[in-house]
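Hi,

Here's the structure I said I'd pass along. Have a look at it first, and my notes on what turned up follow below.

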Amino acid sequence: MSWLLNLYETYESNIDQVGKVEIKYNGKEFTLIPLSHTTQTAHIEVQVTEDGEFHSASIVDGPDAITVIPATEDSASRGSKIAPYPLHDKLSYVAGDFITHGGEKKREEQYAHYIKQLEKWALSPYATTKVKSIYNYLKKGQLISDLVNEKILYLDSNNKLIKKWKKEYEELYGEKPKIFSVVSADQESAFIRFNVYSPTKILTSVWKDKDMYDSFIKYYNESLVEEDICYITGKSLPLAEKHANKIRNSGDKAKLISANDKSGFTFRGRFTDSKQVATISYEVSQKAHNALKWLINRQGKIIDNRVFLIWGNDDLNIPDSTDDTYDLYSLDLIDKTEQPKERVTYTQKYFADEFAKAIAGYKNNLSLKSNVNILILDSATPGRMAVLYYRNINKEEYLKRLIKWHTTCMWRHTYRKNEGGKRVTFEGAPATKDIAFAAYGPNANDKVVKGLMERMLPCIVDEKDIPNDIVKSAFYRASNPAGQDRWEWEKTLSIACSLINKEEGYTVSLDKENKNRDYLFGRLLAIADVLERSALGPDENRSTNAIRYMNSFSKHPERTWKTIQASLQPYQMRLGKKGLYFSKLIDEVASSICIEDFNNKPLSGKYLLGFYSQRHELYKKHEEKLGEGENNE
């Protein structure tokens, strides 16, 4: 349960963030939720006056629909039973005239339970003026009538709530009202949040008011009486009977901790009561779950409902092991002046030194609690969630391993970061998500991607070997450019080189002293590709023969090379003296291959490294010549 303890400590370390609204990349608001609170998506906002009278109402539709609401243990995990939220809730709970306007009869008791519960809070010594104002209005039992007059809700000719919008209602109301587009079912399912209006002063919204948070926390804590030893803190504290859901989003019903196996094979035949398994205090459960929700919103990555989360107890902004080197250099905590730049001479040691300097900014904030937490969550069913992977590691050790990953699984990459995004060039390790697309194609579904990302994590954090099937898949796709978009293949090629280079330790700079058979064959293929590409006109975008025969070349190099070399003759003639340079280079590389090695034995991944390095070298020389020509002018 160390993950619970670390989440609890994270909440304690960030207690000043409770209630502070933050904005996600998609514009949605989130916050570190207070104790005894949860979140819900509101559909209607009702404003009441300080005197307890109806003022106005509006449809809530947008990023601010996510609302922090008070919650009891029962209401936070309610199913079909009656368990009202203390303040904001569905229409069937908060409307005293719900049955009058055609609501389902079986929901008749919901309002009675709701208003009785709200009355206790409103009459308690902890109640704020806002709670009393909302209670004084709702006890009148006229909410639906007021919302109908405000043109928020709509009734049919029998004065009943319209279940489903039909064409016949257009004669009464014209076009389809907004409420039917906001709620997923009918009007009865609308979730109502309440606010208090004052004509003389600007009041903080009820769901953002810290005084409201404290009011309910103090009131509700008095009802928690059963104490026992908390397995997380070791202290005797009020226990949590039920634990939070809505971990990944406001509609998430999956729980990490639950115990409802009370009939039949009770608790798998081992216990008679859930408390015999473990006891967790209400405070720890609330703080740990709320910290987890906050962290997921703030910095978690969710792929097909699988959560990948990395954070530090004392420092939330930990470099993410699933990111590529470019993303790590883009973080605000890294000194931009230390970024590796394009270099004429590329060495692995130089890059390693540069990257270590950049990442060292994180080391300066080490403390006695310098730990990094790595957590993967997923749910197999709608109601159950599991911890698939958890690792707590010293921050300094984590950073060392991160540096090792980015300086060993490295290559030169040039590709678009996102669809329609800018094209970037960087040296280092690819993101684990990009490795998935390189191995299984850009159309790989999320189940495949999240599975690969989970498998890659121990390779980075625990220094395990990259699974051979992943390297092979990327190798085969890089060797088969046919059917791939050019830039997709280029990206696959560089990522495959990174994975292969993890074991080989080569550099992008061409190694002319390397006499490895596969490396040399790769160089030959690259020279043939650049030769033909140089001879083609600017309007000829077709693949070269070297690229077309690449897959066959990787399997039968000696036989395929004869075909490729024969196809080069017309292009050599077209290039003239430049063609002679390429011919001499081919002879030089081919003569370096031992006669007994010039055969049809399939090539290993080293040929891709030789192919990439030779091609990069030739294109770099071409760019340098162009630059010299411009300077001469």
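Arg401 and Glu397 pair up through their side chains in a salt bridge, with N and O 3.0 Å apart. Keep in mind as you read that this is a predicted model. Both residues sit in helix 13 (residues 395-408), and because they are four residues apart there, about one helical turn separates Arg401 from Glu397. Glu397 comes out at 30%, which means it is partly exposed.

Helix 13 has a second pairing worth a look. The side chain of Lys404 meets that of Glu463 in a salt bridge, 3.9 Å from N to O. Lys404 belongs to helix 13, while Glu463 is in the loop between helix 15 (446-461) and helix 16, so this pair ties together parts that are 59 residues apart in sequence. Glu463 counts as partly exposed, at 40% relative accessibility, and Lys404 is partly exposed at 40% too.

Next, have a look at Arg306. Its salt bridge is with Asp378, and the closest N and O atoms are 2.9 Å apart. What does this pair tie together? Arg306 is part of strand 12 (residues 306-312) and Asp378 is part of strand 13 (residues 371-381), so the bridge links parts that are 72 residues apart in sequence. Arg306 and Asp378 are both buried. The two also belong to a network of salt bridges, whose other members are Arg248, Asp252, Asp304, Lys447, Lys450 and Glu454. As background, side chains of opposite charge can pair when their charged atoms come close. Across the whole structure, the search finds 36 salt bridges.

One last thing, on helix packing. How do helix 14 and helix 16 cross? The axes of helix 14 (residues 432-440) and helix 16 (residues 468-478) come within 7 Å, with a crossing angle of roughly 60°. That angle is why helix 14 is described as oblique to helix 16. On the helix 14 side, the contact is made by Ile435, Phe437, Ala438, Ala439 and Tyr440; helix 16 contributes Asp469, Ile470, Ser473, Ala474 and Arg477. By type, the residues of this contact between helix 14 and helix 16 are seven nonpolar, one polar and two charged.

Cheers

Notes. Residues numbered from 1 in each chain as written. Predicted model: local features only at pLDDT ≥ 70, side-chain atom pairs only at ≥ 80, totals over all residues. Heavy atoms only, no water. Axes fitted to C-alpha atoms, helices over the stretch in contact; angles between N-to-C directions. Helix = DSSP H or I, 4+ residues; strand = E, 2+ residues; numbered from the N terminus. Parallel < 35°, antiparallel > 145°, perpendicular 65-115°, else oblique. Contact = heavy atoms within 4.5 Å. Nonpolar A, V, L, I, M, F, W, Y, C, P; charged D, E, K, R; others polar. Salt bridge = Lys/Arg side-chain N within 4 Å of Asp/Glu carboxyl O. Buried < 20%, exposed > 50% of the residue type's maximum accessible area, 1.4 Å probe, protein only.
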